[in-house]
Every structure is written in C-alpha cells, then in structure tokens.
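Colleague: I'm new to reading models like this one. Please pick a single part and take me through it slowly, piece by piece.

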Amino acid sequence: VYFARRGGTPTMPSDESESEREEKEDRRDRREKREEKRRDKDDDRERGGAAGAMRHLTGALSASVRDGRGARDGPYDRPGTNGANGAATARGAPETGADGKGRGRMAILPPPKKTMDRSRTCPFLLRIFRKIGGHHGIEAFAERGKEPVECELQVYAWPDVTLRELADLIKDVAPEARDPKVRLAFNLIYPDKSGKNVSTTLGTVTCSKRGQDDDKALSSSKFQTGDLLDLAILQ
C-alpha cells in the first residue's frame, strides 16, 4: 500500500519509531544551528576586515598629518614644544632645529580684532570742551551741570571712534583747528571711585601729518558713555 503526501509523490509508510524520528529532528536542528553559527562567524569576519581596513587607513592619515605638522615651524608648532622633536621650550625663547641652528623666536598669533558694525549700532552723544593754548583745569568739571558750555562741541560717535576721526569732525566746526601746524591734545574726564572727576591723557593728533595716536580708539581707554573730553588746541 502506498501513501501519497499532499502535493508530493507517493511514499512508502515509515517503519521508524517515534524515538528515531525525534533523534533525526534533533540532529537536523543541531545541524541548522551549526550552519547558522558558521554564517554568523563569516559575517563577523567580513565586518572585522572592513573595520580593520578603516582603522589602518585612519592611522595612516593621522601619521601623515603628524609628519606634516612636525615639519612646520613658528605658529604651527604647539606652544611650549620645539617642533617635531617635542622638546620643551620657553614661550618666546629661541628654538633650535635638529642641525643645532636657531630658527628664531616662536610666533604667537594675536587674537582677531572684533569690528563694530556702525550701521547696526546706535551712536552716543559725546561732549567735547575745547580751549586754545591748553587744557581746562579739572575744577571746571568739578560739578556736573556747570561745565564750560560756551566752548562745548557736541558730536555723535561710536565707542570705536579714533582720535583722527574726532579731529576731522572738530575741524569741520572749529576754524581754529584747521591750521596745518595745530596739534589737538585730548584728555579724558571721568569720575573716579569716589565720584570725583579726574583727568587722564588720551593722545595728540597733528593736523598736517599722521602720528602714533591717530588710530587710538576711545574704547581702548577707560572711556565710558557719559564721560567728557577736554581738548587743547595747541599752536
């Protein structure tokens, strides 16, 4: 007698016992698990090989960058080390190369200067008190509201305004400051910790030629909004 499986070919009835069938199923399960583990190991080896290649490439690139940095001098070296050799050096001290020859002092790059956008910054009122031949005495500014207003100039400026820019503004409104031989000496009037006004020198601008104080900005001094300027017009 033949027995036919659904959708298959006729087969002979099995004489195997239930224990034998279970044993075959166990062997088949173990074989499938071994195959699955083998496939997992193959996948791990492939992933490990790719990761190893990536690590090797990254290491090669890092070594190339280190070699390139070590060959540079000056600001490219880490402060406190002597180039690629890594020997400690004092900041600003002369460095010595492998050949024993000096390479000069280490260059320390200054931080970038912040520039003010005047188109987006509101200017403030700056009060300037001028006097021909010298400065006012500090007693002229002893009491707030009793300044010498008869010689006062009022301009609108920004904190980064320079003394040269102020001189150009003053020449527009003060004819006595237009002489090429005239020097404009600026003093800053500000209150100290006790509230008493004191005076300090800002700088001097010569109308006919540029000087070392031309590019000095108010913001580089102790100036704060509300302080006064005392201007001496010197012949």
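**A close look around the sheet**

Modeller: Let's start with two side chains: E176 and R130 form a salt bridge, and their closest N and O atoms are 2.9 Å apart. (A salt bridge here is a side-chain nitrogen of Lys or Arg within 4 Å of a carboxyl oxygen of Asp or Glu.) The pair ties together distant parts of the chain, since E176 sits in the loop between α2 and β9 while R130 is in strand β7, 46 residues away. E176 has 23% relative accessibility and R130 has 21%, so both count as partly exposed. (Buried means under 20% relative accessible area, exposed means over 50%, and partly exposed is in between, using a 1.4 Å probe and protein chains only.)

Before we go on, keep in mind that this is a predicted model, so local features need a pLDDT of at least 70 and side-chain atom pairs count only at 80 or more, while totals for chains, interfaces and linings use all residues. Residues are numbered from 1 along each chain as its sequence is written, and side-chain values use heavy atoms, with hydrogens and water left out.

β7 belongs to an open sheet of five strands, in the order β8-β7-β11-β9-β10, with mixed pairing. The edges are β8 (152-157) and β10 (197-206), each of which pairs on one side only. On average, neighbouring strands here are turned by 30 degrees against each other, direction ignored. (Strands, E, of at least two residues and helices, H or I, of at least four are DSSP runs, numbered from the N terminus; two strands pair if DSSP finds at least two bridges between them.)

β7 has a partner on each side. With β8 the pairing is antiparallel, over six bridges, and F124 stands opposite A157 in β8. With β11 there are also six bridges, but these two strands run parallel; there, F129 stands opposite D230 in β11. At the other end of the sheet, β9 (residues 183-191) and β10 run antiparallel and are joined by nine bridges. L184 stands opposite V205 in β10.

Two aromatic pairs turn up in a search of the whole structure. One of them is F129 with F141, an edge-to-face pair with 5.5 Å centre to centre and 70 degrees between the planes. (Rings of Phe, Tyr and Trp, the last by its six-membered ring, pair if their centres lie within 6.5 Å; planes under 30 degrees apart are stacked, over 60 edge-to-face, and the rest tilted.) F129 is in strand β7 and F141 is in the loop between β7 and β8, twelve residues apart. Both of these residues are buried.

There's another salt bridge to look at: D160 and R118 meet at 3.2 Å, N to O. D160 is in the loop between β8 and α2, and R118 is in the loop between β6 (102-105) and β7, 42 residues apart. Again both are partly exposed, D160 at 23% and R118 at 27%. Then there's D117 with R120, whose closest N and O atoms are 3.6 Å apart. D117 is partly exposed at 38%, whereas R120 is exposed at 75%. R164, R210, D214 and D215 are linked in a network of salt bridges.

The chain averages a pLDDT of 76, and 63% of the residues score at least 70. (pLDDT is the predictor's confidence in each residue, from 0 to 100.) It stays under 50 over residues 69-94. Where pLDDT is low, the predicted coordinates should not be read in detail.

Methods
Axes are lines fitted to C-alpha atoms, for helices over the stretch in contact, and angles run from 0 to 180 degrees between N-to-C directions. Contact means heavy atoms within 4.5 Å.
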